[in-house]
2 protein chains.
Amino acid sequence: MILTRPILEINFENILENYQTLKKIAPKAQAAAVVKDNAYGLGADAVVRKLYNEGGCRNFFVAHGIEGEHIRSAAPEANIFVLQGIGDDSLKSFQNARLIPVISSPLMLEFWKAHRLPGIRPVINIETGLNRLGFRESDLARLSAEDKAEFGMMMSHLACGDEKGHFMNEHQLNNFIRLRNLYFPGLPASLSASDGTFLGADFQFDMVRLGAALYGINTAPYRENQMKNVVRLKAPVLQTADLPAGDFVGYSATYRATSSRRIAIVSIGYGDGIPRALSNVGKVFFPWRDELFEARIIGRISMDNIICDITEVPDVAVGETASLLDDFYTLDDMGRDSGTIGYEILTRLAQVRSV
Amino acid sequence: MILTRPILEINFENILENYQTLKKIAPKAQAAAVVKDNAYGLGADAVVRKLYNEGGCRNFFVAHGIEGEHIRSAAPEANIFVLQGIGDDSLKSFQNARLIPVISSPLMLEFWKAHRLPGIRPVINIETGLNRLGFRESDLARLSAEDKAEFGMMMSHLACGDEKGHFMNEHQLNNFIRLRNLYFPGLPASLSASDGTFLGADFQFDMVRLGAALYGINTAPYRENQMKNVVRLKAPVLQTADLPAGDFVGYSATYRATSSRRIAIVSIGYGDGIPRALSNVGKVFFPWRDELFEARIIGRISMDNIICDITEVPDVAVGETASLLDDFYTLDDMGRDSGTIGYEILTRLAQVRSV
């Protein structure tokens with residue numbers, strides 16, 4: 001058997017199970033699914049269908065209006081919230097798909113008031129410490145009673161929700177409660193994404209926005225991951241070869257063999273989303289007969305190929321597949337090894353040419 | 001005007017012009033266009049149509065059979081070569097679209113002989129020093145005369161073609177010529193991608209495979225770039241705000257303002273392919289009235305947003321767009337600043353949610 005293409009397996013059952021686990025962790029809050037960035041690279045349509053049809057999920061968050069429009073048919077009766085808000089370039093999507101804007105600035109509120117959608121009450125995003133999008137307190141103080149009555153929910157976003165005990169969490173929580181009491185008493189509220197959900201009931205309010213954890217990322221890294229892995233990425237060995245001592249490998253000849261080695265060329269590269277930063281430091285895996293063999297990546301990763309050292313790995317033949325991501329080496333692991341986070345690895349899986 | 005989405009502009013005229021410039025640099029060779037990885041992230045269909053219809057290009061290289069099948073309708077009479085070769089998972093594509101496999105190993109040659117396509121003569125890929133895919137000399141020595149007669153072209157690939165004078169270039173060139181004379185005298189030959197094309201006539205043989213340079217990357221970085229920039233990436237300012245001294249910015253609070261600053265939140269992030277490695281080190285640009293203002297990226301880049309310091313930039317308002325990539329800050333520049341190469345930045349542009 002000769003194979004040439006990478007294989008990305010997405011476990012939708014595990015996404016559903018993660019959703020249900022998270023619901024139990026926040027039993028009093030509504031559990032919204034964050035499916036922005038094409039469900040973080042995994043394909044929004046399929047994720048939304050699964051959670052809508054089998055998980056009963058009725059609240060979804062996307063980043064852009066166009067993303068909301070794309071998922072409307074998969075979730076006909078759901079609330080679809082748009083985090084980057086509404087503007088001239090997305091108004092049509094809001095109208096076509098009855099989307100709910102998250103409004104983060106007084107200017108965007110003016111835009112909303114000029115283009116209100118019947119039956120839709122937007123969300124107001126409030127800045128509590130992240131210093132990203134959101135109404136500052138000075139903006140809130142200038143809102144009229146009519147302005148405040150526009151909104152159906154208030155939200156904010158934590159900066160350090162993945163670090164239990166970080167001073168920013170209490171700081172933002174207190175800010176959020178204070179601003180709610182001052183400006184929006186009684187309005188439904190949402191503070192937390194996946195990470196904040198794990199910080200306990202105080203952080204959960206009326207709605208939690210579940211993104212990264214749905215896809216298996218450990219958003220509470222101070223404890224063992226409670227989420228199931230969702231992603232398996234494999235790629236076929238296209239060729240094996242003997243590498244004589246002294247030979248160079250890959251672009252710019254950054255690796256030189258100090259002894260004779262056996263190498264495999266694996267048909268996947270940074271064009272499939274594998275970070276080039278793993279050149280000469282990452283590894284691929286061969287899970288053979290209950291044993292897990294590691295093969296170090298040698299030389300520079302190229303756009304379509306990875307070269308790895310299989311000297312110590314038995315039985316690697318053309319047609320066998322190497323594992324890049326699996327239960328034993330997760331998005332979080334690859335993120336750490338390439339100097340970033342699992343989230344970025346996840347969104348790059350949209351690049352894999354397996355489909 | 002309120003805008004919420006990134007804007008990716010691809011200059012197809014410049015791709016065509018780069019193609020024509022490169023043809024002049026290799027006047028005796030056929031100029032093939034490398035459009036693998038969805039034309040390095042820019043969209044293979046549109047690139048192929050442009051080069052086929054207006055550039056007269058009749059030779060295209062893709063990585064995978066499925067990619068070749070996708071572009072067949074855009075280039076009905078062209079030769080479409082598949083670099084990762086032919087296998088059980090791509091045979092249908094070869095049959096449907098009359099693709100030409102690049103065969104890199106004796107095993108793949110056996111597969112070919114069991115599944116020959118009428119009228120198609122494959123390319124043999126020969127290993128000359130990169131130690132990636134290709135027949136080693138020991139493999140060549142075992143080929144029968146009939147085996148050798150299968151092939152319509154031989155190719156190899158340089159490891160250090162972007163470094164003029166690197167010892168590997170002469171080493172690989174000499175290897176290539178020697179192996180050609182020994183095993184495939186007179187067979188049409190292709191050694192060079194864009195970088196090798198710039199190394200001069202000795203490296204150009206019968207066909208050059210033009211990829212990165214078509215898309216504006218400087219594959220001859222020892223001299224000024226002769227290619228035109230092809231990519232402009234912009235994103236709207238969603239919000240501006242005052243940042244008091246002492247405030248933190250972004251996830252994990254990695255930036256703290258030592259004096260009061262003015263910030264802008266720009267609606268693009270690593271979910272659009274901007275490397276998260278640019279957190280706290282990259283910059284965005286505001287080209288105002290013939291002046292170019294830089295705004296440093298502060299805090300961590302998030303999936304959909306970048307926060308930048310606009311204290312020294314006049315007139316930044318909501319609805320204005322910041323430039324991420326342009327003639328004045330290219331793929332190569334962003335590659336360098338994020339610890340990688342322009343090629344990886346380019347392929348990630350497939351993630352931009354502007355379409």
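Modeller: Let us begin with pairing: two strands pair if DSSP finds at least two bridges between them, and strands themselves are DSSP runs of E with at least two residues, while helices are runs of H or I with at least four, both numbered from the N terminus. This is a predicted model, in which local features need pLDDT of at least 70 and side-chain atom pairs count only at pLDDT 80 or more, whereas totals for chains, interfaces and linings use all residues. Residues are numbered from 1 along each chain as its sequence is written, and chains are lettered from A, with ligands numbered from 1, in the order in which they are written.

Colleague: What makes β13(A) and strand β16 of chain A a pair?

Modeller: DSSP needs at least two bridges, and β13(A) and β16(A) (residues 306-309) have 4 bridges in the antiparallel sense, so the two strands count as paired. In β16(A), A:Ile306 is the bridge partner of A:Val266. Strand β10 of chain A (residues 231-243) also runs antiparallel to β13(A), joined to it by 6 bridges, and there A:Val237 stands opposite A:Val266.

Colleague: Why is strand β13 of chain A called mostly covered?

Modeller: A residue is buried if 20 or more other C-beta atoms, placed from the backbone, lie within 10 Å of its own, exposed if 12 or fewer do, and partly exposed in between. In β13(A) (residues 261-266), 5 of the 6 residues are buried. Across chain A, buried residues make up 58% of the 355 residues.

Colleague: What makes β8 and β9 of chain B edge strands?

Modeller: The open sheet of 8 strands in chain B has the order β8-β7-β6-β5-β4-β3-β2-β9, with parallel pairing. β8(B) (189-190) and β9(B) (207-210) each have a single partner strand, so one side of each is left without a neighbour in the sheet. Within that sheet, β4(B) (residues 79-82) and β5(B) (residues 100-103) pair in the parallel sense over 2 bridges, with B:Phe81 opposite B:Ile100 in β5(B).

Colleague: Why are α1(B) and α3(B) called oblique?

Modeller: Angles run from 0 to 180 degrees between N-to-C directions, and the axes are lines fitted to C-alpha atoms, for helices over the stretch in contact. Angles under 35 degrees count as roughly parallel, over 145 as roughly antiparallel, 65 to 115 as roughly perpendicular and the rest as oblique. Helix α1(B) (residues 12-25) and helix α3(B) (residues 44-53) pack at about 50°, with axes 10 Å apart, and they are therefore oblique to each other. In chain A, α1(A) and α3(A) also pack at an angle of about 50°, with their axes 10 Å apart, which makes α1(A) oblique to α3(A).

Colleague: How do you know which residues of α1(B) and α3(B) meet?

Modeller: Two residues are in contact if their C-beta atoms, placed from the backbone, lie within 7 Å. In α1(B), B:Phe12, B:Ile15, B:Leu16 and B:Tyr19 meet B:Ala46, B:Val47, B:Lys50 and B:Leu51 in α3(B).

Colleague: How many residues are in contact between chain B and chain A?

Modeller: 63 residues of chain B are in contact with 63 residues of chain A. On the chain B side, β10(B) gives the most, with 4 residues.
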